[in-house]
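Let's take a friendly walk through this structure together. Have the viewer open, and we will go from one piece to the next.

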Amino acid sequence: MKEALQEEMMDLVVVGGGPCGMAAAAAARGAGLSRVLLLEQGDTLGGVLPQCIHDGFGPEQQTGPEYALDLRDQVDRAGVIVETKTTALHVSGQGPYTLWAAGPHLGAKQIPARSILFATGCRERTRGQLRIPGARPAGVFTAGAAQWMMNVQNMLPGKSVLILGLGNIGLIMARRLTLEGVKVKGIVGERASGLMRNYVQCVKDWSIPVYWGHTICSIHGRRRLRGVTIAPLNSAGQMDLGKKQYLPCDTLLVAAGLIPEQALFAGREDVAYLDGSTAIQNGGALFACGNAVRVYDTVEEVTAWGAYAGQVAARRLLGAADALQTLPPVGVEARKLQEADLVSLQEEDTLFCLLCPKGCRLQFGADGSLKGNGCAAGARFAEEERSAPRRMVTATVRLLGGAQPLLPVKTSVPVPKEKALEVARVCKRLKVQAPITRGTVLIPQVGGTAADLLAASDG
Ligand SMILES: Cc1cc2nc3c(=O)[nH]c(=O)nc-3n(C[C@H](O)[C@H](O)[C@H](O)COP(=O)(O)OP(=O)(O)OC[C@H]3O[C@@H](n4cnc5c(N)ncnc54)[C@H](O)[C@@H]3O)c2cc1C
Ligand code: SF4
């Protein structure tokens with residue numbers, strides 16, 4: 001049962017209900033704090049996860065909504081007090097602190113707290129911050145905003161899209177748009193920063209053109225975007241305008257990186273950043289963690305650091321002698337795309353394992369033997385990828401009578417790669433009636449495959 005927010009002092013207020021904040025709040029309760037409040041400005045807990053309908057989250061490679069639901073269960077079971085639709089606005093005091101917050105349920109409120117943990121995530125770098133020259137027509141979005149429109153609000157950003165940025169969000173959106181029937185004209189990027197597995201599954205699988213070492217030199221269009229001029233960068237990092245080219249498109253997605261959201265604690269010197277990069281300061285009880293501190297590639301790392309942060313905060317308040325010596329968790333090794341790997345991707349005897357973020361480079365010898373797999377599952381993957389590659393399909397379907405217009409769905413098992421588009425088309429046509437619980441089979445043997453189409457969230 002939800003506990004009402006009282007006027008009394010909170011032991012810990014966690015600001016931000018993404019994976020970091022949820023893990024931190026649950027861990028702080030588990031470590032012995034009585035009154036832990038989790039504040040989230042959005043309608044539900046989950047942070048960026050509800051819009052990330054693709055799989056690849058956590059050791060079980062769940063979808064974002066599934067991973068978020070499991071963490072919400074942990075928060076519930078731990079007895080954390082949760083307030084959604086509530087924005088933290090300001091922090092005052094030197095300990096104890098006062099957190100100023102506002103929202104439609106609470107109104108404006110000053111919340112007394114012995115300790116505060118900022119898990120406020122990231123915001124996206126915009127076109128303005130990149131200073132891309134040219135006109136200012138409609139049709140230019142950040143990739144995360146377009147992801148929210150498509151996966152949560154049921155709106156397509158456009159019909160022919162160019163993506164700027166070779167990070168994970170750009171790569172993932174390239175596949176998502178393709179599966180929804182949008183023409184992806186290409187991805188333009190100065191350098192790669194996304195994970196290898198995302199590059200293979202989201203770009204190479206769909207033969208999407210990649211303009212490596214290029215950038216945008218101008219945006220064209222009056223009311224609506226009509227095209228973009230791109231040019232390669234020379235060794236001095238300047239645009240080579242002699243080689244510029246015009247690419248017609250009605251939409252540009254800017255996927256040019258994330259910036260830790262620190263507005264709430266910027267300028268305060270008494271905040272301990274819990275990411276292992278700095279020593280934890282003695283004294284205060286203000287902490288920051290997760291993407292609010294630095295941008296992580298995988299949710300496992302964020303969750304692990306969140307849980308660590310919750311424990312550190314609890315131990316500090318409970319006066320544990322080793323409060324500052326708690327060991328940080330070990331990070332998850334993730335293989336980023338390197339330009340050199342592009343050569344390997346062309347080699348017939350080389351593959352990259354897609355089963356986990358490590359992305360092992362798998363190489364077959366002339367005698368058929370396999371090198372490079374970090375575990376036995378990689379060997380099985382390699383055999384299958386050579387003979388009959390399969391992929392998970394994740395999508396959304398129309399939800400009638402639910403709180404949201406869309407329900408995230410996924411195939412129960414990977415389907416033959418050549419069937420993925422057909423399964424996505426089935427999802428586009430499907431309408432289901434709320435209420436539906438996660439795991440419900442919506443279509444058995446979807447698209448003539450051996451996989452069932454499952455609800456990947458409650459709706
Ligand atoms: C597009 C995308 C794709 C990804 N794909 C993968 C993947 O496939 N696999 C994987 O492992 N990881 C993936 N990640 C990474 C992972 O999802 C993120 O690293 C993780 O969600 C970060 O967690 P967080 O809790 O720090 O921040 P967030 O999830 O951003 O949560 C922060 C929360 O704080 C709230 N907030 C902010 N300010 C306030 C305030 N003032 N008051 C109240 N609330 C506030 C926000 O509303 C938000 O809900 C992806 C990330 C993105 C963006
Ligand atoms: S071989 Fe094993 S460790 Fe390597 S990427 Fe595949 S699943 Fe991960």
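For sorting residues by class, Ala, Val, Leu, Ile, Met, Phe, Trp, Tyr, Cys and Pro count as nonpolar, Asp, Glu, Lys and Arg as charged, and the others, Gly among them, as polar. With those classes, the shell around ligand 2 has five nonpolar, three polar and one charged residues. The residues surrounding ligand 2 are Cys 353, Leu 355, Cys 356, Lys 358, Gly 359, Cys 360, Gly 374, Cys 375 and Gly 378, where a residue is near a molecule if one of its heavy atoms lies within 4 Å of it.

Some ground rules: this is a predicted model, in which local features need pLDDT of at least 70 and side-chain atom pairs count only at pLDDT 80 or more, while totals for chains, interfaces and linings use all residues. Residues are numbered from 1 along each chain as its sequence is written, chains are lettered from A and ligands numbered from 1 in the order in which they are written, and side-chain values use heavy atoms, with hydrogens and water left out.

Now to the helices. Two packed helices are described by the angle between their axes and the distance between the axes. Helices (H or I, at least four residues) and strands (E, at least two) are DSSP runs, numbered from the N terminus; axes are lines fitted to C-alpha atoms, for helices over the stretch in contact, and angles run from 0 to 180 degrees between N-to-C directions.

Find helix α1 (residues 19–30) and helix α2 (residues 64–78), whose axes come within 9 Å and cross at roughly 25°. In α1, Pro 19, Met 22, Ala 26 and Arg 29 meet α2 residues including Leu 71 and Val 75, with contact meaning heavy atoms within 4.5 Å. Seven nonpolar, one polar and two charged residues make up this contact of α1 with α2.

Helix α1 also packs with helix α7 (residues 299–317), at an angle of about 35° and with axes 7 Å apart. Here the crossing is right-handed. Among the contact residues are Ala 23, Ala 24 and Ala 27 of α1 and Gly 306, Ala 307 and Gly 310 of α7. What classes do the residues of the contact of α1 with α7 divide into? There are 10 nonpolar, four polar and no charged.

Another pair is helix α5 (residues 168–179) and helix α6 (residues 196–204), with axes within 8 Å and a crossing of roughly 30°. The two are therefore roughly parallel to each other, and α5 passes α6 in a left-handed crossing.

Finally, the sheets. Two strands pair if DSSP finds at least two bridges between them. One open sheet has three strands in the order β6-β7-β8, paired antiparallel. Its edge strands are β6 (87–92) and β8 (107–113), each pairing on one side only. Strand β7 (residues 97–103) is joined to β8 by seven bridges, and Gly 103 has Gly 107 in β8 as its bridge partner.

Another open sheet runs β15-β16-β17, again with antiparallel pairing of three strands. Its edges are β15 (214–220) and β17 (245–248), each with a single partner strand, so one side of each is left without a neighbour in the sheet. The twist averages 30° from one strand to the next.

Definitions and conventions:
Left-handed = near helix turned anticlockwise from the far one by under 90°. Parallel < 35°, antiparallel > 145°, perpendicular 65-115°, else oblique.
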